[in-house]
Amino acid sequence: MVEEGALTVKAYMTREVETVSPDDTVGDVADRIAGSTEHSGFPVTDGRHVEGFVSARDLLQQPDHEPIFKVMSDDLLVAHPEMDIDDAARVILRSGIQKLPVVDDAGNLVGIISNADVIRSQIERATPGKVDNLMQTLENIHGVAVSQDRREVSLAELTPTQAKVYADELEGRRYELDRGLAEPLVVIDNDGDLLLADGHHRVKAAARLDIAEMDAYVIVLSERVDLGMAKTAEKEDLYSIDDIAVVDYAHHPLVQKTKRLQD
């Protein structure tokens, strides 16, 4: 289930998708790939229904007259338009693919999401926007004055508010940290208690790199508040970043295989 307010695949996917037919020939599709600077393969559709995907590799050493349905891959990952964009990013990173066809409940192609689209979604969701929204929420719910500070925080002093992170996503955060590209954390200073609001993958990746402090946007509350996220952390026995579980990749319920759509 996608959380309310989450950004979904349909907000970033390309809706106009070039496709080929199962009855097209290897020679026809090879010519299209050779004449394109953008495509190294195409979704294969019968009408709008996704039947598979054909790449340049599938065409190698195949006779020009061979129909595409005989050489295409019919067992590929596809996403649903309502899938959370972060889950789509995880699928793309884990699988190593560059493009993920997007299908509706009937198996019809409605778009395609690429690794470039995923990167764009992350860039557009800049940390300052997250901080402003969180500050306004805290003010409205708790009626407390808040201020913002930018400083280095010790990871050892942070209380996490998220119980698990994904192992595959840690690799991306580690890559960013190695190259100085990681966003600052978002931390709430509740009368000296530092609650980690955003950046759980980053802190786990940083701990693996023996990084002791990280840059953070710190939201300082003017008085101590009984925060729901602090109660959640205590209920789940989260007292330090060591308590955040690292779990291996598990298929999102909205990720499917085209073969399942054809059954």
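## A walk through the strands and a pocket

Start by selecting strand S9 (residues 185–190) and strand S11 (residues 213–221): five bridges join them, and they run parallel. Strands here are DSSP runs of E with at least two residues, helices are runs of H or I with at least four, and both are numbered from the N terminus. Two strands pair if DSSP finds at least two bridges between them. Before you go on: this is a predicted model, where local features need pLDDT of at least 70 and side-chain atom pairs count only at pLDDT 80 or more, while totals for chains, interfaces and linings use all residues. Numbering runs from 1 along each chain as its sequence is written, and side-chain values use heavy atoms, with hydrogens and water left out.

Now click on valine 187, and you'll find valine 218 of S11 standing opposite. Zoom out to see the open sheet, five strands in the order S6-S11-S9-S10-S7 with mixed pairing. Its edges are strand S6 (146–154) and strand S7 (158–159), each pairing on one side only.

Next, pick S4 and S5, which pair in the antiparallel sense over five bridges. Leucine 100 has isoleucine 113 in S5 as its bridge partner. Five residues lie between the strands of this hairpin, where glycine 107 takes a positive phi near 85°. Is S4 enclosed or open? It is largely enclosed by the rest of the structure, because four of its five residues are buried (under 20% relative accessible area with a 1.4 Å probe, protein chains only; exposed is over 50%, partly exposed in between).

Stay around here for the second largest pocket, which is lined by 26 residues; Ser40, Gly41, Phe53, Gln98 and Lys99 lie nearest its centre. Strand S1 (41–46), strand S2 (49–55), helix H2 (56–59), strand S4 (99–103) and strand S5 (109–114) each give two or more residues to the lining. A pocket is an open set of points on a 1 Å grid over the protein atoms alone where a 1.4 Å probe fits, with protein on both sides within 12 Å along at least five of seven lines; lining residues have an atom within 4 Å of a point.

For a last stop, select valine 9, in the segment before helix H1 (26–34). Valine 9 is buried, with a relative accessible area of 0%.
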